[in-house]
Amino acid sequence: MDNLRENLIHAISMKFFIDTADLDEIQEAADMGVLDGVTTNPSLMAKVGVSDVKSHYLKICEMVDGDVSAEVISTDYAGIVAEGRELVKIHPNITVKVPMIQDGVKAIKTLASEGIKINCTLIFNAAQALVAAKAGAKYVSPFIGRLDDIGQDGMDLIEQIRVIFDNYKIETQILAASVRHQQHLLSCMLLGADVATMPFNVIDKMIKHPLTDSGLEKFLADHAKMVNR
Ligand code: E4P
């Protein structure tokens, strides 16, 4: 019985990451038992006003038992490699987030060959995903919400990458990013994304339904009538 939760969650292979640098939100999601990892980016770090980046990453890693993506800000090969090597010294959970640019791809090859976990970010087409996978990335992050924003269907991209990775038995995980609402999440699950990273409000909305609230209200009202009889 002790291992019941462990056995159950072991059977669930789709992972939920939270896309935030806000420690309160990370703790809240971790407490719900739904959190498998965290993604951050420079904009999210700036949003919460992080001054000491390394200690902030360390705090996140100590809160979550899973991969924590920390994004490099260099755009040249040497800079990305140097930053990546420094970031992984913070904690074993650190996954280095590298942008899909030519120097980034070269850096992925170098860092991955050193056993460093890489999340290749800012993926907007299937060819980019394939290149990142061939370079050795553990995750590719297609940004579905941002594709929707420019009038394309982000879900088509998830579907294409899934087919290509399955065709060639590529083990790189599809980390659906820029998830904006539950419908995105549902589609990701139906299409077989390995991971979805989402802001706290999407996790929060996942557990809510008006019929749950009204049903509970009625149960409690009926219980009160019974005990007050
Ligand atoms: C992923 O790792 C990114 O941090 C993120 O999902 C971007 O989402 P946005 O398009 O909502 O900024």
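These questions and answers walk through a predicted model, from salt bridges to cysteines to the ligand shell.

Student: How many salt bridges does a search of the whole structure find?
Tutor: Side chains of opposite charge can pair when their charged atoms come close. The cut-off here is a side-chain nitrogen of Lys or Arg within 4 Å of a carboxyl oxygen of Asp or Glu. Searching the whole structure on that basis gives twelve.

Student: Which residue forms a salt bridge with Asp-67, and how far apart in sequence are the parts that the pair ties together?
Tutor: The closest N and O atoms are 2.7 Å apart, and the partner is Lys-117. Asp-67 sits in strand S3, while Lys-117 sits in the loop between helix H6 and strand S5, so the link spans parts separated in sequence by 50 residues.

Student: Is Asp-67 buried or exposed, and what is its relative accessible area?
Tutor: Buried means under 20% relative accessible area. Asp-67 falls in that class, so it counts as buried, at 8%.

Student: Which strand holds Lys-97, the salt-bridge partner of Glu-71?
Tutor: The closest N and O atoms of Lys-97 and Glu-71 are 3.7 Å apart. Glu-71 belongs to strand S3, and the pair ties together parts 26 residues apart in sequence. Both residues are buried, Lys-97 at 3% and Glu-71 at 14%. Lys-97 lies in strand S4.

Student: What is the N to O distance in the salt bridge of Arg-85 and Glu-114?
Tutor: Arg-85 lies in helix H5 and Glu-114 in the loop between H6 and S5, so this pair joins parts 29 residues apart in sequence. Arg-85 is partly exposed at 38%, and Glu-114 is partly exposed at 39%. Their side chains meet at 2.5 Å.

Student: How many disulfides does the search find?
Tutor: A disulfide is a covalent bond between the sulfur atoms of two cysteines. The cut-off is a pair of sulfur atoms within 2.5 Å. The whole-structure count is zero.

Student: What caps the N-terminal end of helix H2?
Tutor: Helix H2 covers residues 23-31. A side-chain oxygen lies 2.9 Å from the backbone nitrogen of Asp-24. That oxygen belongs to the capping residue, Asp-22.

Student: How much of the ligand's accessible area does the protein cover?
Tutor: Ligand oxygen atoms lie 2.8 Å from a side-chain N or O atom of Asp-19, 2.7 Å from one of Asn-41 and 3.0 Å from one of Arg-180. On its own, the ligand has 340 Å² of accessible area. The protein covers 85%.

Student: How many charged residues are in the shell around the ligand?
Tutor: The residues around the ligand include Asp-19, Lys-97, Arg-146 and Arg-180. By class, the shell has two nonpolar and three polar residues. The charged ones number four.

Conventions. Residues numbered from 1 in each chain as written. Predicted model: local features only at pLDDT ≥ 70, side-chain atom pairs only at ≥ 80, totals over all residues. Heavy atoms only, no water. Polar contact = N/O pair within 3.5 Å; in protein donor to acceptor, adjacent residues only side chain to side chain. Helix = DSSP H or I, 4+ residues; strand = E, 2+ residues; numbered from the N terminus. Buried < 20%, exposed > 50% of the residue type's maximum accessible area, 1.4 Å probe, protein only. Near = heavy atom within 4 Å. Areas by Shrake-Rupley, 256 points an atom, 1.4 Å probe, with all protein chains shown as cover. Nonpolar A, V, L, I, M, F, W, Y, C, P; charged D, E, K, R; others polar.
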